[in-house]
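Thanks, everyone. Let me put the model up, and then I'll walk through a few places in it.

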Amino acid sequence: MKDQALFDKIDLHLIRVLNIVLTERSVSRAAIRLGMYQPAVSAALKRLRALAGDPLLVRSGAGMVPTDAGLRMIEPSASILRAAQVLFSDARGFDPATATHTFSLACSDYMDPLFLPQLVAQIKHQAPLCQIDIHALSGESDYRARLAQGEFDLVVGNWPAPPDDLHMARLFADQVVCLVASKHPVMRRGWDSATWLAAEHIAPTPTHPGAKGVIDMHLDGLGLQRNITARCPHFGLIPAMVASSLLVLTTGRQYCERFTDTLAVKVLTCPIAFPQMVYYQLWHERTHASASAKWLRERVKAVADSLRKQ
């Protein structure tokens, strides 16, 4: 009877607050995600602490961290929310015109700069009541765990060899080229592999110490090393840096060509042959049969296909 009385005090909204507070590790950030006022989230957390007999979230330095009990609640609470979504949403199908689903996806910023704007526009046009949470795909984010825990519905990016423990669909392959300033000396002199390697290159900031992207991993395999003199964590800012310097950016053609009409830059063939950059969307088994997740994957594929034709 005691357990039943405790269970009767728990509702699905409280479970959602529990999961969001524990994963965000912040009452204020949780309030934003939940669309609630911060005092209401604090009140719900107080109820949860009383029910659990545990603080659940405690201060650590300048931030907050879950207690051991809180950590153990993250996956079960996510599992309950996933089950409820299937029970009340996917069981009756997914109607984008009336759905109030929240889509959460992580995306590499190496993608075509038009990809996310067009994806968001298409989702909001077809599913106007749905919300969209977009996350950076970085080394600090364990996207496998976040897919498994229900924090991400989908991850989009490029990998030399995508993980085989997730569902995968190929979106497109792109030729590796170079982006340089219109007045770069190479425009007059041309280059070979030696002058390309010696040129001043700009590359993304490594996601963690020692990490290398697909360009430098391939060069390592050839026993070569390029001269990287600048790094930037914001990939979308790099073309503007290239336009006003002697820096060379090496990446996919589709990305580079989006900037040739707005910046003083040119796309050149790279004198070293690289395999194509292949972009995928990845998802966990938990969303494989979900009607809403299938709809999201179809939108991603449609936007990727349309950009290839532009």
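I'll take a helix, then a strand, then some aromatic rings.

Ground rules. This is a predicted model, with local features needing pLDDT of at least 70, side-chain atom pairs counting only at pLDDT 80 or more, and totals for chains, interfaces and linings using all residues. Residues are numbered from 1 along each chain as its sequence is written, and side-chain values use heavy atoms, with hydrogens and water left out.

Helix α2 first. Helices are DSSP runs of H or I with at least four residues, strands are runs of E with at least two, and both are numbered from the N terminus. α2 covers residues 12-24, 13 residues in total. From first C-alpha to last it reaches 18 Å, close to the 18 Å expected at 1.5 Å a residue. That expected span is 1.5 Å times one less than the number of residues.

What caps the N-terminal end of α2? Asp11 does: a side-chain oxygen lies 3.2 Å from the backbone nitrogen of His13. Just after the helix, Arg25 has a positive phi of about 55°. The buried residues of α2 include Leu14, Asn19 and Glu24. Buried means under 20% relative accessible area, with a 1.4 Å probe and protein chains only.

Now strand β12, residues 277-283. Seven of its seven residues are buried, so the strand is largely enclosed by the rest of the structure. Met277, Tyr279, Gln281 and Trp283 point one way; Val278, Tyr280 and Leu282 point the other way.

Who are the neighbours? Two strands pair if DSSP finds at least two bridges between them. β5, residues 154-158, runs antiparallel to β12, with four bridges. There, Val155 has Leu282 as its bridge partner. β6, residues 167-174, is also antiparallel to β12, over seven bridges. Phe172 partners Tyr279.

Last, the rings. Phe, Tyr and Trp rings (six-membered for Trp) pair if their centres lie within 6.5 Å; planes under 30 degrees apart are stacked, over 60 edge-to-face, the rest tilted. The count comes to eight aromatic pairs. Phe94 and Trp295 have centres 5.4 Å apart and planes at 50°, so that pair is tilted. The two are 201 residues apart: Phe94 is in the loop between α5 and β3, Trp295 in helix α13. Phe94 is buried at 19% relative accessible area, and Trp295 is buried at 8%.

Tyr255 and Phe259 are tilted too, 5.1 Å centre to centre and 55° between planes.

Key: Buried means under 20% relative accessible area, exposed over 50%, partly exposed in between (1.4 Å probe, protein chains only). A polar contact is a pair of N or O atoms within 3.5 Å; within protein, one must be able to donate a hydrogen and the other to accept it, and residues adjacent in sequence count only if both atoms are side-chain atoms.
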